[in-house]
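Let's take a walk through this one, looking at how side chains pair up. We'll start with the charges and then move on to the rings.

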Amino acid sequence: MYPIVKSGFHIYLLVTCLLISMGSFAASVLPLGLDRMHTDATYIFYGECISNTVDTDQTTGLEVTYTTFSILEAIKGKLDQTHTIKQVGSHQPGGTTSGIIFPGVPRFEEGTKYILFLPPASHIGFSSPVGLGQGVFSVDADDAGNDVVSNGRDFTELLKNVPPDKVQPHVIYRLKSLRDQDIPTYAKSRAQLPLDDFLSILQSMKIKP
């Protein structure tokens, strides 16, 4: 049995420890490739953030945010039509914040679509994406109006250890053509992948050789 944190002093100690440990983790977490994130995630899905609710966690006494996603496509793990995660800290709808904000803990905007890589929830129900922000790919429109995904990192690095047979030939060709370009425009292009291509790669990675 895990003790329930009740006293103000114990809550203070817990908050302090979480701030130190999560701040250190956020600063020291190593870059993860897509293969590692796919392996470490219990759930992977394409979904839309539909709500953020700030409340006090009954077990720890901490302020937490419950974020609920409408599942548009389940990729890994058994998922219902919606999925809710609990993260430490507060995040109000519309991007405003109050209370304690923990470094590195991703925040989600209502009405925005994401592809998430999630570990199993902890014994007290907390669940942040794999590698914190690394396991969050936002879905947006590129300059031509096409849906693209990005977590801010170069896809030539993210896909480096993914077996070539899991990646469509035209994706490999496109990334190779951009690999040696250093101008900012090309750097931005390397950090984006068409949504359909990314979803196809993730589905292919479920199939063992």
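Which residue forms a salt bridge with D40? The partner is R36, and the closest N and O atoms of the two are 2.6 Å apart. Keep in mind that you're looking at a predicted model. Both residues sit in helix α2, which covers residues 34-40, and they are four residues apart, about one turn of the helix. How open is this spot? D40 has a relative accessible area of 33%, so it counts as partly exposed. R36 comes out at 45%, which makes it partly exposed too.

That pair is one of four salt bridges that a search of the whole structure finds. Another brings together the side chains of D57 and K86, at 2.7 Å from N to O. Here the pair links distant parts of the chain: D57 is in the loop between β1 (43-56) and β2 (63-76), while K86 is in strand β3 (residues 82-88), 29 residues apart. Are these two buried or exposed? Both D57 and K86 are buried. K86 also has an aromatic neighbour, as it lies over the face of F126, at 4.4 Å from the ring centre.

For one more salt bridge, go to E157 and K160, whose side chains meet at 3.1 Å, N to O. E157 is partly exposed, since its relative accessible area is 41%. K160 has 54%, and because exposed means over 50%, K160 counts as exposed.

Now for the rings. The structure holds eight aromatic pairs. Take F137 and F155 among them: their ring centres are 6.1 Å apart and their planes are at 35°, so this pair is tilted. F137 lies in strand β5 (residues 136-141) and F155 in helix α3 (residues 155-158), so the pair ties together parts that are 18 residues apart in sequence. F137 and F155 are both buried.

F137 has a second ring to talk to. What is the angle between the planes of F137 and F198? The planes are at 40° and the centres 4.8 Å apart, so this pair is tilted as well. It links distant parts of the chain, with F137 in strand β5 and F198 in helix α6 (residues 195-205), 61 residues apart. Both of these phenylalanines, F137 and F198, are buried.

One last stop: F45, F69, F108 and Y114 form one aromatic cluster.

Conventions:
Residues are numbered from 1 along each chain as its sequence is written. This is a predicted model: local features need pLDDT of at least 70, side-chain atom pairs count only at pLDDT 80 or more; totals for chains, interfaces and linings use all residues. Side-chain values use heavy atoms; hydrogens and water are left out. Helices (H or I, at least four residues) and strands (E, at least two) are DSSP runs, numbered from the N terminus. Buried means under 20% relative accessible area, exposed over 50%, partly exposed in between (1.4 Å probe, protein chains only). Rings of Phe, Tyr and Trp (its six-membered ring) pair if their centres lie within 6.5 Å; planes under 30 degrees apart count as stacked, over 60 as edge-to-face and the rest as tilted. A charge sits over a ring if NZ of Lys or CZ of Arg is within 6 Å of the ring centre and within 35 degrees of the ring normal.
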